[in-house]
Amino acid sequence: MGLRAVVFDVDGTLAETERDGHRVAFNRAFRRLGLPDRWDEALYGRLLWVAGGRERLRFYFDTFRPELRADADFIGRLHRLKNLEFRRLILRGTIGPRPGVCRLIRELIALGIAVGVATTGSREWVEPLLASLLGRDLSCQLGAVVTGEDVGRKKPDPEAYLVALARLGVNASEALAVEDSQNGLAAAKAAGLPCLVVAGFYSVGHDFSRADLVTDGFGEPGRPARVLFNPHGLPVGGLVTADLLSELCRRATLQGRCSR
């Protein structure tokens with residue numbers, strides 16, 4: 001059947017939202033509530049292992065600020081403020097797409113390959129972020145956008161990908177995931193998907209040994225992507241293209257059948 005759909009993660013994959021967006025928004029929310037807490041880039045990298053904004057706040061306060069005795073109401077209020085601040089950053093256009101991602105999505109859609117999104121982020125900021133990063137014309141052509149409101153379990157659980165596959169009407173053997181983190185890769189693999197990892201700022205030290213291809217970006221003319229792991233021996237050539245993803249899906253699916 002071949003490649004019929006590509007499902008993208010959002011944070012760190014479509015844009016460096018974690019470092020330049022969410023972290024900044026958390027710090028602004030702390031400031032608005034008069035809290036002295038500030039998350040620098042290194043600390044936030046550690047906190048990212050905890051999936052979900054509310055869960056991340058809970059872990060942080062329980063681990064680093066137990067004297068505050070932050071309850072669910074406090075965590076919820078802080079998280080709502082953070083999302084508000086993140087939306088403001090989006091609307092100001094301060095967060096841009098990773099180089100090459102818009103090119104790739106246009107290529108996929110032009111070839112009739114459906115493009116979806118699987119994230120456990122909040123819909124209140126996911127939708128405006130997609131419109132800002134991709135432009136409204138391109139974001140309106142996405143076949144499925146799965147957010148945290150659509151699932152009960154966060155990555156590395158595969159639920160977000162399983163919901164996306166169902167909405168796109170494709171099997172895992174006909175689709176491919178694009179991720180940036182170890183948790184995301186685990187979710188994609190648990191859903192039975194081949195996975196391209198586009199490593200980002202916070203990917204250092206992650207275990208990508210189960211990935212089907214790892215690069216440091218999508219690549220653009222004059223700014224080639226660097227291959228970090230290529231178990232299928234794919235001819236990358238500095239650009240992640242729709243043709244490359246189709247071949248990746250074919251080889252990964254064939255290897256999966258042969259290894260059974």
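## Starting point: glutamate 85

Glutamate 85 sits in helix 4 (helices here are DSSP runs of H or I with at least four residues, numbered from the N terminus). This is a predicted model, where local features need pLDDT of at least 70, side-chain atom pairs count only at pLDDT 80 or more, and totals for chains, interfaces and linings use all residues. Residues are numbered from 1 along each chain as its sequence is written, and side-chain values use heavy atoms, with hydrogens and water left out.

So is glutamate 85 buried or exposed? Its relative accessible area is 5%, so it counts as buried (buried means under 20% relative accessible area, exposed over 50%, and partly exposed in between, using a 1.4 Å probe and protein chains only). Setting aside neighbours within four places in sequence, glutamate 85 is in contact with Ala25, Arg28, Ala29 and Arg32 (contact means heavy atoms within 4.5 Å). The C-alpha atoms of glutamate 85 and tryptophan 125 are 9.9 Å apart, although 40 residues separate the two along the chain.

## Helix 4 itself

Helix 4 covers residues 72–91, which makes 20 residues. From first C-alpha to last it reaches 29 Å, close to the expected 28 Å (the expected span is 1.5 Å times one less than the number of residues). Just after the helix, glycine 93 takes a positive phi of about 70°.

Quite a few names turn up on the buried list of helix 4, including Ile75, Leu78, Leu81, Phe86 and Ile90. What covers the buried residues? The cover includes helix 1 (17–32), helix 3 (53–64) and helix 6 (123–134).

## Packing against helix 1

Two packed helices are described by the angle between their axes and the distance between the axes. For helix 1 and helix 4, the angle is about 130° and the axes are 8 Å apart (axes are lines fitted to C-alpha atoms, for helices over the stretch in contact, and angles run from 0 to 180 degrees between N-to-C directions). The two helices are therefore oblique to each other (under 35 degrees is roughly parallel, over 145 roughly antiparallel, 65 to 115 roughly perpendicular, and the rest oblique).

Among the residues that meet here are Ala25, Arg28 and Ala29 in helix 1, and Leu81, Glu85 and Leu89 in helix 4. By class, this contact has ten nonpolar, three polar and six charged residues (Ala, Val, Leu, Ile, Met, Phe, Trp, Tyr, Cys and Pro count as nonpolar, Asp, Glu, Lys and Arg as charged, and the others, Gly among them, as polar).

## Packing against helix 3

The axes of helix 3 and helix 4 come within 10 Å and cross at roughly 125°. That angle makes helix 3 oblique to helix 4. Helix 3 brings Gly53, Arg54, Leu57, Arg58 and Phe61 to the contact, while helix 4 brings Ala72, Phe74, Ile75, Gly76, Leu78 and His79. Sorted by class, that gives six nonpolar, three polar and two charged residues.

In the loop between these two helices you'll find arginine 65. Arginine 65 counts as buried, because its relative accessibility is 16%. Not counting residues up to four places away in sequence, arginine 65 touches Leu35, Pro36, Asp37 and Tyr60.

## Packing against helix 6

Which way does helix 4 run relative to helix 6? Their packing angle is about 10°, with the axes 10 Å apart. That makes helix 4 roughly parallel to helix 6.

Here Lys82, Asn83, Phe86, Arg87 and Ile90 of helix 4 meet Glu124, Trp125, Pro128, Leu129 and Ser132 of helix 6. The tally is five nonpolar, two polar and three charged residues.
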